[in-house]
Amino acid sequence: MTDLLKGKVAIVTGAGSGMGRQISELFVSEGAKVMLADINPDGLKETADQIDPSGNSTSSVICNVAKEADIVNMVKETIDIYSKIDVLVNNAGIVDNIKTVENMTDDMWDRVLAINLTGPFKASREVIKYMKDQKDGGNIINMASVGGLFGSRGGAAYTATKHGIIGLTKNIAATYGIYHNIRANAIAPGNIATNIQKTINDPDELGMKAMSAVGGMTAPVGKPEQIARVALFLASDQSNFINGAVITADGGWTSM
Ligand SMILES: NC(=O)c1ccc[n+]([C@@H]2O[C@H](COP(=O)([O-])OP(=O)(O)OC[C@H]3O[C@@H](n4cnc5c(N)ncnc54)[C@H](O)[C@@H]3O)[C@@H](O)[C@H]2O)c1
């Protein structure tokens, strides 16, 4: 432990599983206070029990990032308890069974956009209200994907949202970086072993064909902690000249 985040307060969405859990754990071990947020109460409890049994370093809030009222409440609870927000990690996200445009239902399109893109926009809007007036500004980390950089690492909705969140990241960096000391960066993980894979239960034939054509089935498999370390770097002052960047962490998959 190097206390890289000593004194910092972070919100992590999707903290009940996978990368959100690992990011929360690493942030706590580096001295941060973390507001754990997730739609799934069981996952949230597991995370809290596992990473902070004493309860001194974390608080938990049920938050569906597709609901604005939940986002407002998540941010308000954080301010009420810790009086500031240094870091927001927009990590919660879902996949879309690699569905092509033709096979994408309106319902799935709307749900993926609401969770993967509109949620991070609204959470950013809510925290920026506070970060703007903080002496040390603020720091937003968005969980994109290699699906945000290329066309066949997910279905149509997933690909659109992950490209969108990279655009959102750059816009926040460009507008709030210089004028309000708020940084925004994105991480683009490749294939990481988490529970999200289990939700690909009806994969699209053409979508899978396109993904296989770029080595999707043999892509290196990463661990959530390997992504958590990237998030730690971005959350810490070690990266204080990095703003508006996208860091790919895919074991070299997209270098081929
Ligand atoms: N695993 C991968 O291969 C991979 C690759 C690139 C990007 N990502 C991105 O990483 C992020 C985290 O995914 P993961 O792989 O850790 O998956 P995961 O399924 O293990 O964890 C996702 C968490 O988000 C929560 N969540 C889902 N919908 C929510 C909502 N509406 N509101 C609040 N919380 C919600 C889930 O309950 C879960 O705890 C996602 O944005 C995903 O798109 C994952």
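**Largest pocket.** I looked up the largest pocket and found 45 lining residues, with Gly93, Ile94, Val95, Thr194 and Ile196 nearest its centre. The model is a predicted one, in which local features need pLDDT of at least 70, side-chain atom pairs count only at pLDDT 80 or more, and totals for chains, interfaces and linings use all residues. Residues are numbered from 1 along each chain as its sequence is written, and side-chain values use heavy atoms, with hydrogens and water left out.

For pockets I used a 1 Å grid over the protein atoms alone: a pocket is an open set of points where a 1.4 Å probe fits, with protein on both sides within 12 Å along at least five of seven lines, and lining residues have an atom within 4 Å of a point. I noted a volume of about 1,100 Å³ for the largest pocket; a volume is the space filled by probe spheres set on the points, which are joined across faces, edges and corners.

Two or more lining residues each come from α1 (18-29), α4, α5 (156-180), β7 (191-192) and α6 (205-213). The largest share, three residues, is that of α1. Helices (H or I, at least four residues) and strands (E, at least two) are DSSP runs, numbered from the N terminus. By class I listed 21 nonpolar, 19 polar and five charged residues in this lining. Nonpolar here covers Ala, Val, Leu, Ile, Met, Phe, Trp, Tyr, Cys and Pro, charged covers Asp, Glu, Lys and Arg, and the others, Gly among them, are polar.

**Second largest pocket.** I read a volume of about 290 Å³ for the second largest pocket. It has 17 lining residues, and Asp136, Gly138, Asn181, Arg183 and Asp237 are the closest to its centre. At least two lining residues come from each of β5, α5 and β6. The classes are five nonpolar, seven polar and five charged.

**Sheet.** I traced an open sheet of seven parallel-paired strands in the order β3-β2-β1-β4-β5-β6-β9; two strands pair if DSSP finds at least two bridges between them. β3 (58-62) and β9 (246-249) are at the edges with a single partner strand each, so one side of each has no neighbour in the sheet. On average, neighbouring strands are turned by 15° against each other, direction ignored.

I then checked two strand pairs. β1 (residues 9-13) and β2 (residues 33-38) run parallel and are joined by five bridges, with Val9 opposite Lys33. β5 and β6 also run parallel, with six bridges, and Gly138 stands opposite Ile182.

In β6, eight of eight residues are buried (buried means under 20% relative accessible area, exposed over 50%, partly exposed in between, with a 1.4 Å probe and protein chains only). Ile182, Ala184, Ala186 and Ala188 point one way from β6, and Arg183, Asn185, Ile187 and Pro189 point the other way.

**Helix on the sheet.** I found helix α4 (residues 106-131) lying across β1, β4 (87-90), β5 (138-143) and β6 (182-189), at about 180° to β4. Axes are lines fitted to C-alpha atoms, for helices over the stretch in contact (heavy atoms within 4.5 Å), and angles run from 0 to 180 degrees between N-to-C directions.

**Positive phi.** Asn97, not a glycine, has a positive phi of about 55°. I placed Asn97 in the loop between β4 and α4, and at 8% relative accessibility it counts as buried. Asn181, also not a glycine, has a positive phi of about 60°. Asn181 sits in the loop between α5 and β6 and counts as partly exposed at 43% relative accessibility.
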